[in-house]
Amino acid sequence: MPTAVPTGAVVLGRAIRGQRPRVIAASLLGMTHQGCEALVPVVIGVIIDSAVATGSSASLLRWLVVLAALFLVLSTCYRTSARITEGAGEQAAHRLRLELATRVLDPRGGAETNRLPGALTSIATNDARRVGSVATAISYGVSAVAALVISAVALLRISVPLGLLVLLGIPPLLWLGHRISRPLERRSETEQERAAHASGVAADLVAGLRVLKGMGAESAAVARYRTTSQDSLAAALRAARSRAGHEGAVLALTGVFIAVIGLVGAYLAMDGSISVGELVAAVGLAQFLLGPFQLLTYVNAEIAQGRASARRIAEVLASPVTVEGGDAVPADAAAGHLALRGVSLGALRGVDLDLPAGGLTGIVTRDPAAAADLLLCLAREKDPAEGTVELDGVPLTGLDPDALRRAVLVAHHDADLFESTLLDNVRSGADGDTTAVESALAASAADDVARLLPDGVDTLLAERGRSLSGGQRQRVALARALAADRSVLVLHDPTTAVDTVTESRIAHRLREVRRGRTTVLVTTSPALLAVTDRVVVLEDGAVRADGHHNELLAADETYRAAVLA
Amino acid sequence: MTTDEDARTTTPEETEQTMSGTTQDRALLPTATGAECVAALRTMLHGHRLLAVGALTVLVAGTAVGLLTAPLLGRIVDLVVEQRGAQALTVPLVLLIAVAVARGAATAIGGTLVARLGETVLAALREQFIERALRLPLERVEAAGSGDLVSRVTSDVTMIAKSVRQALPEFSRSALTILLTFAGLAVLDWRFLLAALLAAPVQVFSVRWYMRRSSPVYGEHRIATGALQHQLLDSVGGARTVRAFRLGGTHSGLLEERSAAARDLGLRGIHLVSGFFSRLNLAEFIGLAAMLATGFVLVDGGSATIGTATAAALYFHSLFNPINATLYLLDDAQSAGASFARLVGVSALPAEPAPQGADTPVDGSITVSGLSHAYGTGAPVLHEIDLTVRSGERVALVGASGAGKTTLAKVIAGVHEPTSGSIALGGVPVGKLGPAGVRRAVTLISQEVHVFAGPLAEDLRLARPEADDEELRAALAKVGALEWAEALPEGLATVVGEGGHRLTVTQAQHLALARLVLADPPVAILDEATADAGSAGARVLEDAAARALEGRTALVVAHRLPQAATADRVVVLDGGRVVENGTHETLTAAGGHYAELWTAWSATRRHPAEKIPNPATTTESPVSPAA
């Protein structure tokens, strides 16, 4: 992470500076390429003048050799410069992607707050690419300027008035084209967005195919898609009309401009101030010059897009962390005594709670928000607004968040599985201890899951573990949490989708596997609570009752309601 | 070389939004053959013949008029050479301006017509595709992997749309320009045409060189960018888990690997494109040199004027861009063709069988007899199941994982065709009802929740398109979801689902139940619909489900035993067979499999001070003492 808070300009500047050698090399080659392209019509004019008009075959041969050399140089320069400059863009985008990934995965968090994964992914792919394109576009821009200068010199050498006419005529021509096109382009963009809507709806319907089939809503879905598709069609047609109108207008303007150049050139040729070949070259150059000018317009648009993208990237990079880091590192074998002192955050109002080292404690709350906030505090995904959470007497705020997670693991109810094998998922949090993995698989009954899969524990799971049923997913996630073998393990509703028999088996084995280390179960499942040493009941954001599961069942009507419903 | 192509090479990965194709060893959906594609295209164009002819005529006219520019400029050169005086220039000048305006107008009209043709056909194609895709038997889709269908819907439709919008207009214009320019050259002097064709062998060679290499590289690049995007979604979406398990290093490593792979393949694509255009430069030189040499010879021999030679050279010089564009777009055309074949392949699949009779179910009863089912060639999952559910009865399916509960639910709901045995709904065999009739009679709510993107009300209306807002509210109120639905930022008009307001799992399942109320089928099948909502959410949903099931025949796949205890009857499955069948009371008393499960479940809930109430002896429901 850079020390300064990055802005869009900083991100863009850094991306370009990082590719400086490539950009410079590509610009030099690109300039040569464009220069040669500009010289092609000039050479055509010279051949008409000195060979075709005079009948000198020696001159024809000589100038054809020059033309060949010109093509050889322009082709080589184009190829090399394109490869270098596009390489610069790809490399710059690659670096930005990595920088973004590092920021998002930072232990202190914060980058994904209020951002959907899809939006972040789009920033890391599309926006990174657009910023990279700026590094690419710069050398194109430099080449275009070079082409302009060379053509200008060539034109002015042929005839100063004609050269001035072309050079001064093209900018207003482009401006006029731009003026015509801008409102059209803007309209066309929104129309195109609407046109793209149809494919979005289609993908969504197919993604929900099972649900559609389940309620027999295919006809309704097809009817809806038809409406969307027809709307999109109408939008696409409006966009196409705008685009075609714009193209036609630009073409007409350009044609009129070339006609004027031809006329003025012809007058000059008639009064002998330029030769016929020069007239040909001038018309050719006027046609050619439109290219570099269009290229500059394109570069300009790329830079504008790149700036907007760089701003979005900078916003992610600069997003504030949710927890400030500390420096202290908990002992390798933390005893694992967690204590909450007057903790308030969201739904929590002054929670005082001791989770003794080596104990198995259940926490029951009927308020999902309170459970969520408690887990946020324990995982240090957020720091309490008031009060402190301590691990073995050290406030969590003084600890390095990543080092803290080496001692404390909070396994959320909806923890994600990743796209790798079942075994790799389970052992991803373990520090190479295979016995822990084995016993974790057995304790969570994830070995039963593996037995039903085609390749056992080596079966590749789909993204988010979607290839598994809810109960299977939970058991694999639980196995992973147990295999990580942390000093403190906090589990939130780990078995809601697991059948009762398996659940109570898991509860007993869980107790065995975690023996001697601190374990917290945030749940209302009686099977799990039955194996705890002690249960704490949270109500209205504070501790209301505390005791053994059986005592609470016997004595506490509300507890019974919460747990046995 | 042109600015157009330069710009193009900067974005070779425009199709970055494609899905990663992770389909191995699957029975992929079919792809149409070339002949089928041509036939399909012909059918689609059939109704638009007039439009097609109109578009072609305007484009040809526009291009032909545009080609007059070079001879007019040549004419000016001749006038200068002949020293005809300034007045003589008036006519060519006026003509030049007229040509420019006419060409602009033709481009505008022709472009509009081509787009109308292309977009209309495209819309018909995608509608036809979606219509068939949504009606495919679920079994067929699952055999291919849902990724196959999704990627056809997204990347193939996008690929064709892109070609229709960007490539088609440019391709048709450029190709016409080339053809008519060649004709123009032939009019000037047939030897000019011969000279121009000298470039063709190099062009053919370059195109073959490029196409042979580009398709695999672009294909790999699409897969690599898909994999990168996939990894980003996996890591970013699971960032919380990544941090909790300290997997940042592993995931950064994976991302770096995927990103580098995408970058390297992108560079290989650029290498190819630049090599391609570089080869075409050679063709440009050969053609131009031949043109100038021919002009030299013809002028020398007196069969052409300097003006004609100039016009020929300018013609050829102005062909550089169209030729490059046409040849480059051949690649797009090839990809679009492949996508088209994949869409037509699905559209040509047989439709669902039509019902064999006009019978409609008389009530909500279910009769299953001798039903067996196996997935594909695998071992049978269900064996000889006989089951009768009375109209309005609520039956719970109980059993361990893998006992066949879900399969039985899906077979009855018509998702899978049973391997053998028969099913009748409301006294009518399902064969006579047809798939559509079965789905009208039965609604299946599975554990998979999907919130359809768009306003919440539209999501609900999928179940009953003609429902008004009041009916929607009533359905939501019935399942207890109205309160949160109205509390959404824009109430029922709030855009939910992908890209909209994110609903919780409980809310999404609430919606599924509300859709059930709206669809109002005589039979409802609930498969683990409440399983994944967390323990607090599960209870809310169980209440909602009970209300949604009122007045219907219900088959509930029960994971939580209370669902079974409150049902009229419990059916226990084990190893694909019905092993027990009776009321909760009789089964708990019988001391079999179910009794064992019930004991295990009750044990976790028993507390020392109070004996668990025996449902056989109390009127109070055993599962909700606090309700």
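Trainee: Which residues of helix 9 of chain B meet Pro117(A), Leu120(A), Thr121(A), Ala124(A) and Thr125(A) in helix 4 of chain A?

Mentor: This is a predicted model, in which local features need pLDDT of at least 70 and side-chain atom pairs pLDDT 80 or more, while totals for chains, interfaces and linings use all residues. Residues are numbered from 1 along each chain as its sequence is written, with chains lettered from A and ligands numbered from 1 in the order written. Helices are DSSP runs of H or I, at least four residues, numbered from the N terminus, and contact requires C-beta atoms, placed from the backbone, within 7 Å. The partners in helix 9 of chain B are Gln229(B), Leu232(B), Leu233(B), Val236(B) and Gly237(B).

Trainee: Why is helix 4 of chain A oblique to helix 9 of chain B?

Mentor: Helix 4 (residues 117–158) of chain A and helix 9 (residues 200–237) of chain B have axes 9 Å apart; axes are lines fitted to C-alpha atoms over the stretch in contact, with angles from 0 to 180 degrees between N-to-C directions. Angles under 35 degrees count as roughly parallel, 65 to 115 as roughly perpendicular, over 145 as roughly antiparallel and the rest as oblique. Helix 4 of chain A is therefore oblique to helix 9 of chain B, as they pack at an angle of about 135°.

Trainee: Which helix of chain A gives the most to the side that touches chain B?

Mentor: The contact joins 144 residues of chain A with 149 residues of chain B. With 31 residues, the element of chain A that gives the most is helix 7 (residues 218–270).

Definitions and conventions
Contact = placed C-beta atoms within 7 Å. Helix = DSSP H or I, 4+ residues; strand = E, 2+ residues; numbered from the N terminus.
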